[in-house]
Amino acid sequence: MRKLLAIVRMKCPKCYEGNMYKDINPFHVKQLHAMPERCDKCGQPFNPEPGFYMGAMYVSYGLCVGLFIACFFGFYIMLGVDPVVLLVIYGLTLLALFPFIFRYSRVVYLHLFYDYDPHAIETYQKKENTGMNQ
Ligand SMILES: [Zn+2]
């Protein structure tokens, strides 16, 4: 449950406190993909290896399919709109939600590979105080 909340709030997968994006507002398109190199609270790298976020495309695909299913049930099944109108509504919704889909696909993907560590912040601070971090 805490992991889900951390994902919704776009927080670090290791400490659930550091922000994964420099600019919290996803509609500032120039800053859309700007992530800090590491979590400022626990030091978790946000880009663990080159090309890491290529896999986030699969998460993005899943989110888009989920959105289509929601539009399909909401507009086609329940409201009975024309299929062409449904596709237009889906396209507009996809455009409007693109910044969220982009960011959440990266957040979910990083959360798939890293688990919560309750001691992450204090361990990082100890290392920082003794000068063990690069
Ligand atoms: Zn962190």
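## Close-up views of a predicted model

View 1. M10 sits in the loop between α1 and α2; helices are DSSP runs of H or I with at least four residues, numbered from the N terminus. The model is predicted: local features need pLDDT of at least 70, side-chain atom pairs count only at pLDDT 80 or more, and totals for chains, interfaces and linings use all residues. Residue numbers start from 1 along each chain as its sequence is written. M10 is not a glycine, yet its phi is positive, about 55°. M10 counts as partly exposed because it has 18 C-beta neighbours inside 10 Å. Y16 lies in the loop between α1 and α2 and has a positive phi near 65°, in a residue other than glycine. Y16 counts as buried, with 21 C-beta neighbours inside 10 Å. (Buried means 20 or more other C-beta atoms within 10 Å of the residue's own, exposed 12 or fewer, and partly exposed in between, with C-beta atoms placed from the backbone.)

**View 2. Surroundings of K41.** K41 is in the loop between α1 and α2. K41 and G18 are 23 residues apart in sequence, but 5.4 Å apart in space, C-alpha to C-alpha. Not counting residues up to four places away in sequence, K41 touches C12, C15, E17, G18 and I121; contact means C-beta atoms, placed from the backbone, within 7 Å.

**View 3. The largest nonpolar core.** Twelve residues form this core, among them Y16, F46, V107, L110 and Y124. At least two residues of the core come from each of α3 and α4 (120-130). A nonpolar core is a set of buried Ala, Val, Leu, Ile, Met, Phe, Trp, Tyr and Cys residues joined through C-beta atoms within 7 Å. Leaving aside neighbours within four places in sequence, L110 is in contact with P13 and F46.

**View 4. Helix α3 and its kink.** The 31 residues of α3 (83-113) have end C-alpha atoms only 39 Å apart, short of the 45 Å that a straight helix would reach. The expected span is 1.5 Å times one less than the number of residues. A kink of about 60° lies at L97, shortly before the proline P99; the bend is the angle between axes fitted to the seven residues ending at a residue and the seven starting there. Buried residues of α3 are S105, R106, V107, L110 and H111, and what covers them includes α1 (2-8) and α2 (56-78).

Conventions. Two residues are in contact if their C-beta atoms, placed from the backbone, lie within 7 Å.
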